[in-house]
Number of protein chains: 6
Amino acid sequence: MSDKVKKFKEERERLNAHILSRENVNIKRFFGIDSAVYRDNVLDAKTKELLGLVASVVLRCDDCISYHAIRSKENGVTDEEFDEVMSIGLVIGGSITVPHIRRAYDFWRELNN
Amino acid sequence: MSDKVKKFKEERERLNAHILSRENVNIKRFFGIDSAVYRDNVLDAKTKELLGLVASVVLRCDDCISYHAIRSKENGVTDEEFDEVMSIGLVIGGSITVPHIRRAYDFWRELNN
Amino acid sequence: MSDKVKKFKEERERLNAHILSRENVNIKRFFGIDSAVYRDNVLDAKTKELLGLVASVVLRCDDCISYHAIRSKENGVTDEEFDEVMSIGLVIGGSITVPHIRRAYDFWRELNN
Amino acid sequence: MSDKVKKFKEERERLNAHILSRENVNIKRFFGIDSAVYRDNVLDAKTKELLGLVASVVLRCDDCISYHAIRSKENGVTDEEFDEVMSIGLVIGGSITVPHIRRAYDFWRELNN
Amino acid sequence: MSDKVKKFKEERERLNAHILSRENVNIKRFFGIDSAVYRDNVLDAKTKELLGLVASVVLRCDDCISYHAIRSKENGVTDEEFDEVMSIGLVIGGSITVPHIRRAYDFWRELNN
Amino acid sequence: MSDKVKKFKEERERLNAHILSRENVNIKRFFGIDSAVYRDNVLDAKTKELLGLVASVVLRCDDCISYHAIRSKENGVTDEEFDEVMSIGLVIGGSITVPHIRRAYDFWRELNN
């Protein structure tokens, strides 16, 4: 794992741990659903990660893109599949997504190393 | 086809025809890419419609949802697969998407009739 | 209750009932949290409805505004308090919220009748 | 003026009048600035209306588009200039703006009649 | 005050001073209203800061969250009240707000130190 | 050219080159349209850059603002014209755009050095 990816994951876990330590029941329940919707079911986990990825692109959320890129990689998404998801996100979301797509490709390259 | 679906498609085609009659080259090229990205390729057309659907939910665009719902139906998406896409859109986009998800289900029911 | 308010509530309940009839566990859990966060707790229900109202204004969701307007009214929010929430939403969200604020005031007037 | 345009303007004025009748000082001041920024100054009023138009497209606000379309027409914007603003809005905002651009062209046609 | 909070405030003031030095009358008037809407009135300043905070979360603006977090702290908002505002923002805005809520909690912790 | 501007341009070009090296036909076509819409035509390039600038402000995209600021400068936009575009973006997009407008002015100042 590259340093950039490792740092992203550690920071994410550190901050999530702090939120959950607050023991707010509704936030904890939300986090539970947020894990549950991506699990293998009628649609498989890989397809669901692609859904998470394209939604993150059109909503222009770098951290969300990075997270779903990691999960996509873990679920066997290829470079060409990644390209197609990016192209759909770009057409739906427009040029305003380009800076995020730039960083998405940069992060994906880190995952490939 | 239900009257509601038929009316949606006719209005959409009427207005698209008007835009294209303007013969603006960049708008026409954009419309070309907008068709191209959803075609069968490394990812199949069905998966791509699900990507279009979830992006439309999180961006809260009723007409876009209706269009991708029609195309999803044509590509064999089942009720249960539709449910899972809606659940992911709901968790990513939050309760602000609920009014759009309500109308999405209402439109999907029309497509089932 | 005015016809407009009554119609809004009936349509909302009809469509919610249809979504819940799908029995998707994650959607149902989300609806559960969506009710829970607005309940009296450290912050009282009235304050929470004002939070829901201002968030709905800046996110420009008419149905969400109408719903939180109803709930605000039920929790004793006055016309002057409503004005102040609208003014904050307007300044944060900008003139793009004005069409929604227009409809918000129109709906609030229905609630006052 | 077509019936559709007339109705839009009357409804807009009716609702604005109601908001202003509330006499909330901050809302009134906001409405004042909202008029002031579009006045002829270093940039002329026509250019400013085009700015208002493209911002309304990318933010996907139908009422805002209609209003700036009216004002653009009053300031001498041609059909070809309108096309170019739409093409820029489309590329920046992506296909999610298409339903709004459809309605924008439909409204513009009403203004031409 | 922690270094992080201090740095945030200094940078914000430095850049605001530069904007205001431009002496653009409409921008100055906007800044005036932006202060005015949060003042004690029918709703108290504390409630208004919570409104600013939740709006900043659902609009996913880190700097706006940090600013309203500072002002919330100055107005006596407790950790548990902060939790409830975050939970409402999370449910309304969805998982796309999570990275911002993570940073919000991190900043809040700085304010507590 | 200041170091900050130079670094921005180099990073942008490096990442764009990587995206284009992927040879995805739809992404390449999109990049082509994205250049084409800003070219001198019925509206001149300067006006089009102002349109790109205001759209970037209301959509709150720092990189897009920086890019259109550079292009605006190259097309002869003055400080006072820049102020007016910012004021329109601020009024349309609301206080949520303020952090981006702060950074926009900071970047514009770099371009002036």
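**View 1. Where chain B meets chain A.** In this predicted model, 23 residues of chain B are in contact with 23 residues of chain A (contact: C-beta atoms, placed from the backbone, within 7 Å). On the side of chain B that touches chain A, α2 (25-36), α3 (45-58) and α5 (79-93) of chain B are the elements giving two or more residues (helices are DSSP runs of H or I, at least four residues, numbered from the N terminus). That side has 14 nonpolar, four polar and five charged residues (Ala, Val, Leu, Ile, Met, Phe, Trp, Tyr, Cys and Pro count as nonpolar, Asp, Glu, Lys and Arg as charged, the others, Gly among them, as polar).

View 2. The same surface serves both copies, as 100% of the contact residues of chain B recur in chain A.

**View 3. Where chain C meets chain B.** Here 14 residues of chain C are in contact with twelve residues of chain B. On the side of chain C that touches chain B, α1 (3-21), α2 (25-36) and α4 (62-74) of chain C each supply at least two residues. Seven residues of that side are nonpolar, four polar and three charged.

**Reading the labels.** Residues are numbered from 1 along each chain as its sequence is written, while chains are lettered from A and ligands numbered from 1 in the order in which they are written. Local features of this predicted model need pLDDT of at least 70, side-chain atom pairs count only at pLDDT 80 or more, and totals for chains, interfaces and linings use all residues.

Conventions
Contact = placed C-beta atoms within 7 Å.
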